Amino acid sequence: MARGVNKVILIGNLGKDPELTYTPSGLAVARFTIATSEKRKNSDGEWVDSTEWHRIVLFGKTAEAAGQYLSKGQSVYIEGKISYGSYEKDGVKRYTTDIIGKQMNMLSRKDDTGGKQSDSGPSPQPSENAPEEDIEDDLPF
C-alpha cells in the first residue's frame with residue numbers, strides 16, 4: 001500500500017514576532033503566523049486581494065533561528081506539513097490547523113522591514129531564494 005503525502009509550501013509575511021518557548025525537556029518551539037495573499041476576481045469581475053493566515057510551529061534549531069532572526073513583517077519561506085488538532089475550552093471543543101515547519105528560509109532581513117538588526121551574533125546569510133537586491137548588497141565588489 002502506498003503512503004500518502006502531506007506537504008505544504010508557503011511564502012508569506014510574519015504577522016507578529018515569533019514566540020519562542022522551551023519544552024520541559026529543553027526542546028525549542030517557535031510559534032508565529034504568516035499571511036499569504038493573492039489576487040482574485042470577485043462576483044463583479046473586479047480584482048481584489050485575498051489573504052489567508054497560517055499558524056506556523058517550528059522545533060529545535062529551526063525554532064531558535066526563527067526566534068533570533070525573524071520579526072513582524074519579514075518575508076519567509078516555510079516548508080512542512082499540515083497538522084490538525086483539537087482541545088476543549090470552557091466546555092466547547094475547538095479545532096486547530098497548524099503548519100509544522102521542517103524548513104525555513106528568510107527572504108528578507110530584519111533591517112529590510114524596519115526591525116532592528118541584532119548585535120548579538122552573526123547576521124543571517126541571505127537564503128538561496130532571496131530577492132536579487134539582497135544578494136547584491138552582500139557582494140564585496
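**View 1. The Lys16–Glu19 salt bridge.** Lys16 forms a salt bridge with Glu19, the closest N and O atoms lying 3.0 Å apart. A salt bridge here is a side-chain nitrogen of Lys or Arg within 4 Å of a carboxyl oxygen of Asp or Glu. Lys16 counts as partly exposed, at 38% relative accessibility. Glu19 is partly exposed too, with a relative accessible area of 43%. Buried means under 20% relative accessible area, exposed over 50%, and partly exposed in between (1.4 Å probe, protein chains only). This is a predicted model, in which local features need pLDDT of at least 70 and side-chain atom pairs count only at pLDDT 80 or more, while totals for chains, interfaces and linings use all residues. Residues are numbered from 1 along each chain as its sequence is written, and side-chain values use heavy atoms, with hydrogens and water left out.

**View 2. The whole chain.** The protein chain has two helices and six strands. From the N terminus on, the order is β-β-β-β-α-β-β-α. Helices (H or I, at least four residues) and strands (E, at least two) are DSSP runs, numbered from the N terminus. Of the 141 residues, 32% count as buried. The chain exposes about 9800 Å², and carbon and sulfur atoms supply 48% of that area. Accessible areas come from the Shrake-Rupley method with a 1.4 Å probe; for residues, only the protein chains shown count as cover. The structure holds four salt bridges.

**View 3. The Lys7–Glu79 salt bridge.** Lys7 forms a salt bridge with Glu79, with 3.2 Å between the closest N and O atoms. The pair links distant parts of the chain, 72 residues apart: Lys7 sits in the segment before strand 1 (8-14), Glu79 in strand 5 (residues 75-89). Lys7 counts as exposed, at 53% relative accessibility. Glu79 counts as buried, at 17%.

**View 4. The Lys39–Asp49 salt bridge.** In the salt bridge between Lys39 and Asp49, the closest N and O atoms are 3.1 Å apart. Lys39 belongs to strand 3 (residues 28-41) and Asp49 to strand 4 (residues 47-59), ten residues apart. Both Lys39 and Asp49 are exposed.

**View 5. The buried side of helix 1.** In helix 1 (residues 60-69), Gly60, Ala63, Ala66 and Tyr69 are buried. An α-helix has 3.6 residues a turn, so residues three or four places apart point the same way. The cover over the buried residues of helix 1 includes strand 2 (19-22), strand 3, strand 4 and strand 6 (92-106).

**View 6. Strand 5 and its partners.** Strand 1 and strand 5 run antiparallel, joined by six bridges. Gly12 stands opposite Val76 in strand 5. Strand 5 and strand 6 also run antiparallel, joined by 14 bridges. Two strands pair if DSSP finds at least two bridges between them. Ser83 has Asp98 in strand 6 as its bridge partner. Strand 5 and strand 6 form a hairpin with two residues between them, and Asp90 in the turn has a positive phi of about 55 degrees.

**View 7. Confidence along the chain.** The chain averages a pLDDT of 82, and 77% of the residues score at least 70. pLDDT is the predictor's confidence in each residue, from 0 to 100. Over residues 113-141, pLDDT stays under 50, and the model has 31 contacts beyond four places in sequence for them. Contact means heavy atoms within 4.5 Å.
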